[in-house]
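Please read them with the structure open.

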Amino acid sequence: MKAAPTDQRRLVDIAELDRRLGGLAHRRESLPEQAALDQLVAERRAAVESAARARIHVEDLDRAIAKLRSDLDAVRRRRQNDAGLVAGGGLSDRQATELEYELRSLARREESLEDELAELTERHEAVDADVRHSGAVITDLDARIGMAATVRDTALADLEDAVTETTAERAREAEGLPTELLEFYSRCAEEAGVGAAILGGGRCSACAMDLSRSAVAAFRSAPQDDVLTCPECGVIVVRTDNS
Ligand SMILES: [Zn+2]
């Protein structure tokens with residue numbers, strides 16, 4: 001293929017702009033501002049799950065406490081009833097002994113239920129505190145997520161601006177170049193990753209390989225408007241004064 005040396009030089013500028021566009025696309029894919037936002041969203045999800053677990057725990061404790069209170073009431077009523085019977089007198093010795101035995105057993109049961117209730121009440125307070133803490137954590141995360149989203153949006157908008165600007169610059173650079181040459185450049189870019197590179201001091205600047213002496217000699221003697229490709233990597237190599 002033939003192309004004016006100045007057109008060939010413009011391919012190298014286009015390759016640099018393409019490299020910059022590739023960098024911008026990569027940055028968009030691995031945006032640290034996005035990673036920071038994702039991290040906060042994951043933290044919020046975990047906090048919501050933990051709050052839900054704590055609330056279920058509170059409900060379980062509410063039920064257990066209600067059950068204990070009702071058991072305790074029944075024991076107390078029974079004790080009162082038995083105590084009333086003893087106080088009323090007129091019981092046989094055997095009945096009185098049985099009732100006193102039962103009263104002692106009810107007293108032990110009451111004490112044990114009261115201990116259990118005190119323990120559950122304490123646990124209830126602790127889990128309640130967990131629920132409140134989770135709520136505060138979520139509120140704080142919501143605020144941080146809002147800020148992180150703004151930062152991410154700004155970073156994306158900046159990237160978008162850079163892409164628009166670079167794309168326009170590339171279009172200006174490519175304007176007026178022969179279609180055939182641009183198509184050849186695109187093929188090289190697709191296959192080698194880079195479309196065009198400078199040949200400097202016998203070395204291809206795309207693959208950084210020193211070309212053989214015979215290849216360099218052949219490149220030097222080739223007509224200036226010959227479009228040459230690197231025998232190592234296949235990119236269009238553009239000759240300069242110190243090739
Ligand atoms: Zn090369």
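1. How many Å separate the centres of domain 1 and domain 2? Taken over C-alpha atoms, the separation between the two centres is 67 Å. Please keep in mind that this is a predicted model. The domain assignment gives domain 1 as 5-25 + 178-239 and domain 2 as 31-174.

2. The two domains do touch: eight residues of domain 1 and nine residues of domain 2 take part in the contact. On the domain 1 side, helix H1 supplies the largest share, seven residues. By type, the residues on that side of domain 1 are five nonpolar, three charged and no polar.

3. On the overall fold, the protein chain has five helices and four strands. Their order along the sequence is α-α-α-α-β-β-α-β-β. The radius of gyration is 42 Å, whereas the globule rule gives 18 Å for 243 residues, so the chain is more spread out than a compact globule. The C-alpha trace spans about 135 × 35 × 25 Å along its principal axes.

4. Of the 243 residues in the protein chain, 12% are buried.

5. Apart from neighbours within four places in sequence, Cys204 is in contact with Ala197, Leu199, Met209, Leu211, Cys230, Glu232, Cys233, Val235 and Val237.

6. Next, the strand pairing. S1 pairs with S4 in the parallel sense over four bridges, and with strand S2 (residues 203-204) in the antiparallel sense over two bridges. Leu199 stands opposite Arg239 in S4 and opposite Cys204 in S2. As a general point, side chains in a regular strand alternate between the two faces of the sheet.

7. Ala208 has a phi near 60 degrees, a positive value in a residue other than glycine. Most residues other than glycine have a negative phi. Ala208 is found in the loop between S2 and helix H5 (213-221). Is Ala208 buried or exposed? Ala208 counts as exposed because it has 10 C-beta neighbours inside 10 Å, and the cut-off for exposed is 12 or fewer.

8. Last, a position in domain 2. Arg76 lies in helix H2, which covers residues 32-88. Arg76 counts as partly exposed because it has 13 C-beta neighbours inside 10 Å. Between Arg76 and Ile56 there are 20 residues in sequence and 30 Å in space, C-alpha to C-alpha.

Note on methods: Residues numbered from 1 in each chain as written. Predicted model: local features only at pLDDT ≥ 70, side-chain atom pairs only at ≥ 80, totals over all residues. Contact = placed C-beta atoms within 7 Å. Buried ≥ 20, exposed ≤ 12 C-beta atoms within 10 Å, placed from the backbone. Rg over C-alpha atoms; globule rule 2.2 N^0.38 Å. Pairing = 2+ DSSP bridges. Domains from an automatic or database assignment. Nonpolar A, V, L, I, M, F, W, Y, C, P; charged D, E, K, R; others polar.
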